[in-house]
Amino acid sequence: MKYITEIRSYHSEKRSAVTLGKFDGLHRGHQKLIDKIKEYASEDKEIGSVVCAFDMGKDSLLTGMERRNRLSGQVDTLVACPFTKELREMEAEAFIRQVLAETFHAAYIVVGTDFQFGHKKCGDVLMLEKYAKVYGYHLDVIEKERHEGQVISSTSVREALSAGDVELADTLLGYPYHISGRVEHGKRLGRTLGFPTMNVAPAAGKILPRFGVYVCSLQVGGKWFSGIGNIGVKPTVAKESRVLVEAFAFDFDEDVYGSEITVEFKAFVRPEQKFCSVEELKSQVDADICFGRRYFCKR
């Protein structure tokens, strides 16, 4: 997959099946759009599949690297570009002509029902349909994906994560929500208390689930382990308010400092809280570990 960070860097003489949008989270609704352009590209080898993802500069469900990894092998090109002043102020017909027709050579355009573009969002699916014959493309407008009657959106995923409902978030996304990063050196308090933990700092701008303890699956050294993890600031033992993911893998006790790990959140256990003593903290973590082991035994 080619990875490009601005539209003007896209150069291909092939015609394309292109889908455009924010693609924050790559949830099940987004996947419907991507599946359609993949279908067109598979039917005609002269058609390239292109995802054009606009970066709105806000906190994201996925980091840029996560989105890139998740789309790798699925499409021919990912254009992950900032939503610049130039794009915001471009007249809608100019966007169709310059971006869709002249740059992407679009044979197929696949968008959601609420897709808008151009200066003051004057362009919409009706305008795309109007100019389809003029610029020689076929337009597909894809209905929203729903879960239990409600539209799946990046906002609905964020709301589920904010409530700690990672099970719902995973259902909406179609894959487990996770945080990846390198294991940092800590105070080794967990090891002293009998549960050595791995500390990971979330990537800047990454949307986090509600602070608290979760049942987790952890990928360490290419292998998966069951465990528990805490998202938050560790108020009982930490003086600073730096947000970390602190994870403990059951039946694992190796030095992995500096290694890349992935923490997938399976179920909310309890909110983060400040304990009166380290002993009280240890007692609660022991109970959390028991809860986590029972959770995985049932599955």
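This is a predicted model: local features need pLDDT of at least 70, side-chain atom pairs count only at pLDDT 80 or more; totals for chains, interfaces and linings use all residues.
Where is Val75 found? Val75 sits in the loop between helix H2 (64–71) and strand E4 (77–82). Residues are numbered from 1 along each chain as its sequence is written, and side-chain values use heavy atoms, with hydrogens and water left out. Helices (H or I, at least four residues) and strands (E, at least two) are DSSP runs, numbered from the N terminus.

- Val75 is buried, with a relative accessible area of 5%; buried means under 20% relative accessible area, exposed over 50%, and partly exposed in between (1.4 Å probe, protein chains only).
- Leaving aside residues up to four places away in sequence, Val75 touches Met1, Ile34, Ile37, Lys38, Ser49 and Val51, where contact means heavy atoms within 4.5 Å.
- Val75 and Ala132 are 57 residues apart in sequence and 23 Å apart in space, going from C-alpha to C-alpha.
- Glu66 lies in helix H2, and at 12% relative accessibility Glu66 counts as buried.
- Not counting residues up to four places away in sequence, Glu66 touches Leu61, His178, Ser180 and Lys206.

**Strand E5 and its partners**

- Strand E5 (residues 106–112) is mostly covered, with six of its seven residues buried.
- Strand E2 (residues 15–21) runs parallel to E5, and four bridges join them; two strands pair if DSSP finds at least two bridges between them.
- Ala17 has Tyr108 in E5 as its bridge partner.
- E5 also pairs with strand E6 (residues 138–142) in the parallel sense, over five bridges, and the bridge partner of Val111 in E6 is Val141.
- A bit of background: strands of a sheet pair through backbone hydrogen bonds, either parallel or antiparallel.

**Helices H7 and H8**

- Helix H7 (residues 154–162) and helix H8 (residues 166–173) pack at an angle of about 160 degrees, with their axes 7 Å apart.
- That makes H7 roughly antiparallel to H8; angles under 35 degrees count as roughly parallel, over 145 as roughly antiparallel, 65 to 115 as roughly perpendicular and the rest as oblique.
- As for how this is worked out, axes are lines fitted to C-alpha atoms, for helices over the stretch in contact, and angles run from 0 to 180 degrees between N-to-C directions.
- On the H7 side, the contact is made by Ser156, Val157, Ala160 and Leu161, while H8 brings Val166, Leu168, Ala169, Leu172 and Leu173.

- A closed barrel of six strands runs E9-E10-E13-E12-E11-E14, with antiparallel pairing.
- From one strand to the next, the twist averages 40 degrees.
- Strand E11 (residues 212–220) pairs with strand E12 (residues 223–232) in the antiparallel sense over nine bridges, and Val220 has Lys223 in E12 as its bridge partner.
- H8 lies across E11 and strand E14 (260–271), running at about 130 degrees to E14.
- Phe265 has its place in strand E14 and is buried, with a relative accessible area of 0%.
- Phe265 and Tyr214 are 51 residues apart in sequence, but 6.2 Å apart in space, C-alpha to C-alpha.
- Not counting residues up to four places away in sequence, the residues that Phe265 touches include Val166, Asp170, Tyr177, Tyr214 and Ile231.
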